[in-house]
Amino acid sequence: MVKVAIDAMGGDHAPGEIIKGAILALSSLEDLYLVLVGRKDEIEARLADFNFSHSRLEIRHAEETICCDDDPGFSIRRKKNSSMVVAMQMVRNGEADAIISAGNTGALMAAGLLFLGRMGRISRPALLTPMPSFSGRPVLYLDVGANMDARPMQLLQYAFMGRIYAQQILRIKEPRIALLNVGVEANKGNSQVKKAYALFSENLPGFCGNIEGTEAYFDAADIVVCDGFVGNIFLKTSEGLSRAILSYFRKEIVTSMRYKAGAFLLEPVFMGLKEQVDASGYGGAPLLGVKGLLVKCHGSSKAKAIEQAIYKQVYPFINNEVIKHFEKALELLPLESREQIE
């Protein structure tokens with residue numbers, strides 16, 4: 001049985017969409033047990049609209065909520081009865097295998113480090129997100145926002161964890177790993193990326209060199225590594241561009257009968273494009289490098305994203321014991337890496 005604690009009060013559409021997504025996942029996975037954490041009366045009122053297995057769902061009351069504009073460090077220490085903190089404590093105490101939250105990102109990252117702690121060979125955790133591509137399977141990006149100033153050795157740690165994730169979750173036997181850079185040549189980029197290139201070349205199976213943003217969607221790599229500053233900008237720019245393109249099509253199609261007729265004929269193509277660029281397809285971003293599973297969903301997540309975060313992230317991660325695979329892989333880090341992170 002996979003047991004998941006869900007921060008029911010976190011996110012722009014909480015608790016309604018969070019609960020709806022949880023019920024969808026519960027109906028499709030028979031060995032899933034969910035704990036909805038938040039204000040009990042509000043959760044019970046929403047649950048009245050659904051049919052579900054009561055034996056596999058419980059409510060854990062938490063009176064407080066950490067808001068999106070709360071100070072991360074201050075809020076997790078002062079709001080000890082918040083839905084996020086209570087859910088995190090459940091994972092730390094072994095009452096749940098994972099936590100999912102669409103709430104305050106900074107608070108969730110801080111709580112993950114405070115309550116779960118880092119894995120033995122990791123100096124800074126990283127957020128990983130699968131992003132849609134046109135190759136038929138997602139490309140993994142890390143870090144996308146947890147650590148803004150990653151050292152070369154930390155980038156190597158990210159690459160090792162990304163490689164295991166790709167093997168265990170996406171079933172890619174020998175994933176191709178690239179560094180996101182301003183050029184493909186080994187001597188391009190800032191000093192940190194140049195040093196990382198040398199480390200990757202010497203120690204990382206599957207390293208295929210640097211990749212530019214222009215090649216990110218054309219099957220040039222399975223895993224793209226960067227620091228959280230670059231990764232977060234790339235992620236949000238990509239999401240914004242996909243929304244802008246779809247919005248442009250919707251606006252222009254209604255301006256003439258010829259466009260409407262063409263759109264009718266091309267509807268399968270447009271629907272396929274929408275599916276390809278849908279950021280909710282994998283639900284959320286796991287924080288890799290902590291002693292437990294923490295999945296951060298987008299603040300605007302709706303039911304589909306929550307369902308997919310459980311189905312495509314939490315469920316295979318726990319069943320495949322990915323944390324154990326991380327620990328084994330990180331033992332293969334070169335001696336220099338250990339000395340720099342210990």
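**Exercise 1. Work out how exposed arginine 60 is, and what its side chain pairs with.**

Start with accessibility. In this predicted model, arginine 60 has a relative accessible area of 25%. Buried would need a value under 20% and exposed one over 50%, so arginine 60 counts as partly exposed.

Next, look for a partner. The side chain of arginine 60 meets that of glutamate 95 in a salt bridge, 3.1 Å from N to O. Now place the two ends: arginine 60 sits in strand 3 (residues 57–61), while glutamate 95 belongs to the loop between helix 4 (83–92) and strand 4 (98–101), so the pair ties together parts that are 35 residues apart in sequence. Glutamate 95 is partly exposed too, at 30% relative accessible area.

**Exercise 2. Find other salt bridges, and say which residues are joined into one network.**

Take the cut-off first: a Lys or Arg side-chain nitrogen has to lie within 4 Å of a carboxyl oxygen of Asp or Glu. By that rule you get nine salt bridges. One of them pairs aspartate 70 with lysine 79, with the closest N and O atoms 2.8 Å apart.

Another links lysine 188 to glutamate 185, where the closest N and O atoms are 3.2 Å apart. Check how open this pair is: lysine 188 is partly exposed at 35%, and glutamate 185 is partly exposed at 38%. As for the network, salt bridges with shared partners join Glu58, Arg60 and Glu95.

**Exercise 3. Decide whether isoleucine 76 is buried or exposed, then list what it touches.**

Locate the residue: isoleucine 76 is in helix 3 (residues 72–78). Its relative accessibility is 2%, so put it down as buried.

Then go through the contacts. Skipping neighbours within four places in sequence, isoleucine 76 is in contact with Ile66, Val85, Ala107, Ala110, Ala111 and Leu114.

**Exercise 4. Trace which backbone atoms the side chain of asparagine 104 reaches.**

Asparagine 104 is in the loop between strand 4 and helix 5 (105–116). At 8% relative accessibility, asparagine 104 is buried.

Follow the side chain one way and you find the backbone nitrogen of alanine 107 at 2.9 Å. For the other reach, a polar atom of the asparagine 104 side chain lies 3.2 Å from the backbone oxygen of cysteine 68.

Now widen the view to contacts, leaving aside neighbours within four places in sequence. Asparagine 104 touches Ile66, Cys67, Cys68, Asp69, Asp70, Pro72, Met84 and Lys296. Ile66 turned up in the list for isoleucine 76 as well.

**Exercise 5. Examine helix 8: its length, its cap and its buried residues.**

Begin with length. Helix 8 has 26 residues, which at 1.5 Å a residue should span 38 Å; the end C-alpha atoms are 38 Å apart, so the two agree.

Move to the N-terminal end. Aspartate 227 caps the helix there, with a side-chain oxygen 3.0 Å from the backbone nitrogen of phenylalanine 229.

Sort the burial next. The buried residues of helix 8 are Gly228, Gly231, Asn232, Phe234, Leu235, Ser238, Glu239, Ser242 and Leu246. To read that list, remember that an α-helix has 3.6 residues a turn, so residues three or four places apart point the same way.

Phenylalanine 229, in helix 8 (residues 228–253), is partly exposed at 48%. Together with Met148, Val230 and Ile233, Phe229 forms a nonpolar surface patch of about 340 Å² accessible area.

Definitions and conventions:
Residues are numbered from 1 along each chain as its sequence is written. This is a predicted model: local features need pLDDT of at least 70, side-chain atom pairs count only at pLDDT 80 or more; totals for chains, interfaces and linings use all residues. Side-chain values use heavy atoms; hydrogens and water are left out. Helices (H or I, at least four residues) and strands (E, at least two) are DSSP runs, numbered from the N terminus. Buried means under 20% relative accessible area, exposed over 50%, partly exposed in between (1.4 Å probe, protein chains only). Contact means heavy atoms within 4.5 Å. Patches are made of residues with over 30% relative accessible area and no salt bridge: like charges are joined within 9 Å, nonpolar side chains (Val, Leu, Ile, Met, Phe, Trp, Tyr) within 5 Å. Accessible areas come from the Shrake-Rupley method with a 1.4 Å probe; for residues, only the protein chains shown count as cover. A polar contact is a pair of N or O atoms within 3.5 Å; within protein, one must be able to donate a hydrogen and the other to accept it, and residues adjacent in sequence count only if both atoms are side-chain atoms. The expected span of a helix is 1.5 Å times one less than its number of residues.
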